[in-house]
Amino acid sequence: MKRTGKKIGWLNILRLRELVPYKLVRRVSEEKIGGDSTQDDEVKKAQYDYVPKDSYVYGPADTFLLVPKNRYRLVLLPGQKISGDAGVGWLTEDNSPQGYDRLWGDPDAVERFREEADGVREKLTVEIVDHIIERIRGESHILDVGCGVGDLLTEIRKRRATIALAGCDFSPCGIEKARCRLPEGDFTQQVIEKDLPYENDRFDAVLCTDTLEHLEYPANIVNEMVRICRPGGFVVIVVPDGDVDQFFGHLWFWNENRLREFLSPWNGIVQRLPKTREFLAVIDIPEVKKR
Ligand SMILES: C[S@@+](CC[C@H](N)C(=O)[O-])C[C@H]1O[C@@H](n2cnc3c(N)ncnc32)[C@H](O)[C@@H]1O
């Protein structure tokens, strides 16, 4: 098995097994089980190995062992082959500022990223803005959490020329590009962990698209987005469908029900975007906020 990233010692593997209480299952291929590809069989001890978060392997998904998609994955059985086009996804799989600089700092990589999967990134940006633009007034103050190079804010700016813009992201290259495209915006380069560097009620709308699933403490950040959004304002969260998402850089994989459950403390309303199939959730901030 070819791995890149950190070497995994046996002691670490044993320790990881103790930490990860999930049952490992192997999805059996259609030929083997006569047409029902949903059937799983249990994998016996010693037939599997854990790959920690900052290591990775490549290969077709149907030859992988499937483990719960969070932090530890595992992967190839003896004899299985590593293959597949890695696309540009591998650049950011380690989910670090350096990883995102490899993407946002390289114009060719950004172009490939935007073109991937029939240009889904650009379609998603437009589809999100189509859904929220009616609620954004000319003088609104908008924050994009995990703004990358500022694609979402640029699309909003095209349609509302006078809004005030702010963004934060941990990638220095992302923030630099966003500042060049939107010089009047207020951009902050910062690792998002449990809080956001803004005062209470500062924004009319707080957006976070395709970023929450990368964050270590997503519930803290939803709380924070609600805190910094003014009474009567709104928070928008967009995440991929965790049932089909396989990206190694993600820490969280919400399907529609799990996302509803996760956002229920804030009365988040979840819908699926019809074109790009991601989930868009809106949290309306009450006129009187509980503190
Ligand atoms: C998949 S990109 C999405 C970018 C943009 N929101 C969009 O929808 O195109 C995820 C973004 O989140 C940022 N990010 C991921 N984890 C982060 C963290 N812990 N703190 C700050 N930014 C983070 C990355 O730098 C990247 O720009």
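# A friendly briefing on a predicted protein model

Of the 291 residues in this protein chain, 31% count as buried (a residue is buried if 20 or more other C-beta atoms lie within 10 Å of its own, exposed if 12 or fewer, and partly exposed in between, with C-beta atoms placed from the backbone). This is a predicted model: local features need pLDDT of at least 70, side-chain atom pairs count only at pLDDT 80 or more, and totals for chains, interfaces and linings use all residues. Residues are numbered from 1 along each chain as its sequence is written.

**Overall build**

- The protein chain has eight helices and 14 strands (DSSP runs numbered from the N terminus: H or I over at least four residues for helices, E over at least two for strands).
- Among contacts between residues at least 6 apart in sequence, 60% join residues at least 24 apart (two residues are in contact if their C-beta atoms, placed from the backbone, lie within 7 Å).

**Confidence**

- The chain averages a pLDDT of 80, and 70% of the residues score at least 70 (pLDDT is the predictor's confidence in each residue, from 0 to 100).
- Over residues 1-40 the pLDDT is below 50, and this stretch has 51 contacts in the model beyond near neighbours in sequence.
- Residues 80-84 also have a pLDDT under 50, with 13 contacts in the model beyond four places in sequence.

**The nonpolar core**

- The largest nonpolar core has 59 residues (such a core is a set of buried Ala, Val, Leu, Ile, Met, Phe, Trp, Tyr and Cys residues joined through C-beta atoms within 7 Å).
- Strand β12, residues 229-239, gives the most to this core, with seven residues.
- Ile142, Val145, Val206, Leu207, Met225, Cys229 and Val235 have the most contacts inside the core.
- Leaving out residues up to four places away in sequence, Val145 touches Cys168, Ile192, Leu196, Val206, Leu207, Cys208, Thr211 and Met225.

**Two paired strands**

- Strand β8 (residues 141-145) pairs with β9 in the parallel sense over five bridges (two strands pair if DSSP finds at least two bridges between them).
- Ile142 stands opposite Leu165 in β9.
- Strand β9 (residues 164-169) is largely enclosed by the rest of the structure, because five of its six residues are buried.

**Around the ligand**

- The ligand is surrounded by 18 residues, and the closest are Tyr100, Gly146, Gly148, Phe170 and Ile192 (a residue is near a molecule or strand if its C-beta atom, placed from the backbone, lies within 6 Å of it).
- This shell has seven nonpolar, eight polar and three charged residues (Ala, Val, Leu, Ile, Met, Phe, Trp, Tyr, Cys and Pro count as nonpolar, Asp, Glu, Lys and Arg as charged, and the others, Gly among them, as polar).

**A residue in helix α4**

- Phe113 is found in helix α4, residues 107-132.
- Phe113 counts as buried because 20 other C-beta atoms lie within 10 Å.
- Leaving aside neighbours within four places in sequence, Phe113 is in contact with Val88, Leu103 and Arg121.
- Phe113 and Gly89 are 24 residues apart in sequence and 7.9 Å apart in space, C-alpha to C-alpha.

**Two aspartates with positive phi**

- Asp201 is found in the loop between β10 (186-189) and β11 (203-209), and its phi is near 60 degrees, a positive value in a residue other than glycine.
- Asp201 has 15 C-beta neighbours inside 10 Å, so it counts as partly exposed.
- Asp210 lies in the loop between β11 and α7 (218-228), with a positive phi near 50 degrees.
- Asp210 counts as buried because it has 20 C-beta neighbours inside 10 Å.
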